Amino acid sequence: MIMSLLAIGLCVLVLGVWAARGFLSSMIHMVCTLIAGAVAFASWEPISYFLLDFAKDGSQVLRDTAWALGLALPFAATLAILRLITNAVIRSNATTVRAIDMVGGGLCGAVSGIITAGIIVISIQFTRLDTEFWGYRPIEYTGSGSVERSSPLIFPVDKITARTYAYFSTQSLVNDEDTSLERLYPDLDIVPTSLRTTFGDGKAKNTLHPDDFEVMARYTVGEGRNLPIDQLLADRWGAGAAQKATTPEGGSYPNGSTIQGFAIKFNAGSKESNGQVVFGNAQVRLVCTDSEGTSWTFFPIAAVMQAEAAKLTLRRFRFDAPDVYFASVGGSSHSGFGVEFAVPPGFTPVALYVKNVRVMANEGRLAVPAAQYATTAERDNAVADGSLANLAGANLEVAENKYGGKTPGEVAEGPVSVRFDPTKFDDTTGLRISDRLPFTLHLTTVRGLTIEDEQKKNIISRGMQAFSREELSNIPLERSLQVQRLSVTNDTIIVQIDVSLGKQMSYISRPNLIEDDSKPVNLVDSNGTTYEPVGYVYENSADGSKTVSYDPGRPIMSLRELPGLSKSRPNDKLMLIFRVSRGVNLKTLGIGGETLAEFKPPILLNQPQGAN
């Protein structure tokens with residue numbers, strides 16, 4: 001909202017100033033602004049790369065703002081020079097009919113205001129700021145981990161400005177259509193936010209120096225084979241289930257699409273302050289052209305890397321949940337990743353961007369694929385036997401992704417049998433019968449949860465709130481400040497089930513059950529009665545925060561209402577909270593009528609709450 005108000009305010013300010021000065025003065029300023037914008041976009045990349053090179057061994061601040069300064073400085077400098085020249089040549093203002101002065105001046109002032117505000121907004125967004133800076137985030141993760149366009153500014157000056165100069169770059173301002181703004185930056189308005197969509201909510205690097213990485217090779221899957229999309233988006237580590245990937249416009253990939261993969265070697269300069277290379281799918285993008293020459297942007301759907309630090313075995317990991325990031329391990333100066341994009345049929349790769357540093361994908365050794373896999377099975381074999389790792393010396397053997405006791409290939413094929421001892425909590429089973437959260441909250445940190453003060457027990461009746469690592473570490477000693485219990489009636493019992501990766505009842509290991517995310521998770525008793533979750537506790541391993549959600553009046557009726565779990569983010573935790581009738585025998589845990597786990601023997605719910 002703040003960014004929208006800033007954009008509107010800038011437009012109104014410029015419009016008001018030049019509308020008051022008359023039509024001819026306003027028109028001169030508009031022409032100067034349009035020329036300054038053209039100069040800024042034409043020189044943007046060269047100046048930004050110059051600043052990155054200048055800051056390579058120096059100022060981190062300059063590196064973090066290089067793409068912003070590369071656009072804002074030439075715009076401001078050109079506009080200032082042009083205004084000095086026009087003011088020196090045209091020393092007096094000519095006036096026309098007042099109505100023409102007001103209307104014409106207002107229209108010209110509006111154009112100047114939009115261009116000025118658009119370039120300022122784009123420049124601000126290119127700096128290393130929080131992902132959702134001033135309430136503006138034009139892209140969002142879907143529940144399945146795809147990057148899609150979301151809410152633009154109320155008055156989208158950034159999009160209007162970017163599209164205006166993209167159009168001019170192929171028309172009156174054309175120099176080389178192959179390197180035009182329209183061809184190389186078809187979605188410039190969402191690029192700044194994509195760079196800030198990083199690990200730590202914008203705290204990781206938003207750009208690199210061109211020497212910080214090298215694209216070693218390109219490979220394809222399904223080229224010319226017209227594969228069904230469900231087959232193309234499947235792999236052996238997902239038990240053959242197709243990934244739910246969508247385009248940035250929210251559309252589905254059609255049959256006959258292909259996988260375009262790139263083997264990237266990261267050098268020492270690409271590491272974060274903690275010594276690791278970290279990236280997510282929003283920071284890497286591929287620009288392709290369709291059969292008519294129109295450019296489109298695509299984000300990765302998966303990465304190939306080492307599954308365990310101690311072994312050189314490769315695995316393919318999906319970007320199939322929000323905020324999935326991959327990190328290198330060890331002290332090596334170099335680390336490698338394979339990055340895969342789904343591309344519709346008839347589309348040709350043009351440019352690959354890694355944190356906005358461009359590498360032409362249709363030139364040099366990338367012009368011809370180093371490997372072409374007819375099917376995903378061939379690609380999977382190349383991943384498993386390590387041959388894909390050696391493409392042009394890419395050496396994709398230095399990335400880590402831990403899987404909590406299970407390897408990505410271990411996928412359950414049927415319902416699991418769960419034996420539960422009600423006298424103790426079995427960490428492997430992950431089942432608790434208790435109205436208490438597995439941790440204690442401090443009453444002073446509670447804001448989004450409704451607390452009932454029944455005999456000073458501070459019972460949570462409903463609400464949702466995320467608690468930071470610092471808030472969770474503040475454990476009160478006074479009972480009156482402790483918040484841990486969930487509201488429950490005399491005829492119900494709280495059942496908590498940990499469905500995190502590696503737990504016995506994790507549904508991530510059953511991709512065939514979760515393919516349709518409109519299905520609910522439910523417990524079923526021996527009478528056939530079903531119970532949907534009424535809440536959950538979600539732990540984000542990236543920042544250590546925990547989200548508590550609890551609302552008995554609004555059961556969670558589909559998987560999409562739950563936080564997304566991913567094998568690519570194995571340390572995240574999700575505990576589902578059910579409120580079940582007292583005295584029944586719990587028989588199964590299922591998804592959409594299909595059994596995930598069967599309790600043997602059935603669990604009789606008659607013990608008092610708080611036993612575990």
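Visitor: Which helices do the buried residues of α6 pack against?
Guide: Packing here rests on contact (heavy atoms within 4.5 Å), and buried means under 20% relative accessible area with a 1.4 Å probe, protein chains only. Helices are DSSP runs of H or I with at least four residues, and strands are E runs of at least two, numbered from the N terminus. For the buried residues of α6 in this predicted model, the partners are α1 (2-19), α2 (23-54), α5 (98-125) and α7 (181-184).

Visitor: What pLDDT do local features need in this model?
Guide: Residues are numbered from 1 along each chain as its sequence is written, and side-chain values use heavy atoms, leaving out hydrogens and water. The model is predicted, so totals for chains, interfaces and linings use all residues, side-chain atom pairs count only at pLDDT 80 or more, and local features need pLDDT of at least 70.

Visitor: Within what arc do the buried residues of α6 fall?
Guide: The buried residues of α6 are V157, D158, T161, A162, Y165 and A166. Seen down the axis of α6, they line one face of the helix, because they fall within an arc of 160 degrees.

Visitor: Which strands stand at the edges of the open sheet?
Guide: Seven strands make up this antiparallel open sheet, in the order β17-β22-β27-β25-β26-β20-β19. Two strands pair if DSSP finds at least two bridges between them. Each edge strand has a single partner, so one side of each lacks a neighbour in the sheet; the two are β17 (431-433) and β19 (449-452).

Visitor: Which residue of β27 is the bridge partner of G535?
Guide: β25 (residues 535-540) pairs with β27 in the antiparallel sense over five bridges. The partner of G535 in β27 is I577.

Visitor: Is D187 buried or exposed?
Guide: D187 lies in the loop between α7 and α8 (191-196). Its relative accessibility is 11%, so D187 counts as buried.

Visitor: With which side chain does the side chain of D187 make a polar contact?
Guide: Leaving aside neighbours within four places in sequence, D187 is in contact with R149, E249 and T297. At 3.0 Å, the polar contact of the D187 side chain is with the side chain of R149.

Technical notes: Buried < 20%, exposed > 50% of the residue type's maximum accessible area, 1.4 Å probe, protein only. Arc of directions from axis to C-beta. Polar contact = N/O pair within 3.5 Å; in protein donor to acceptor, adjacent residues only side chain to side chain.
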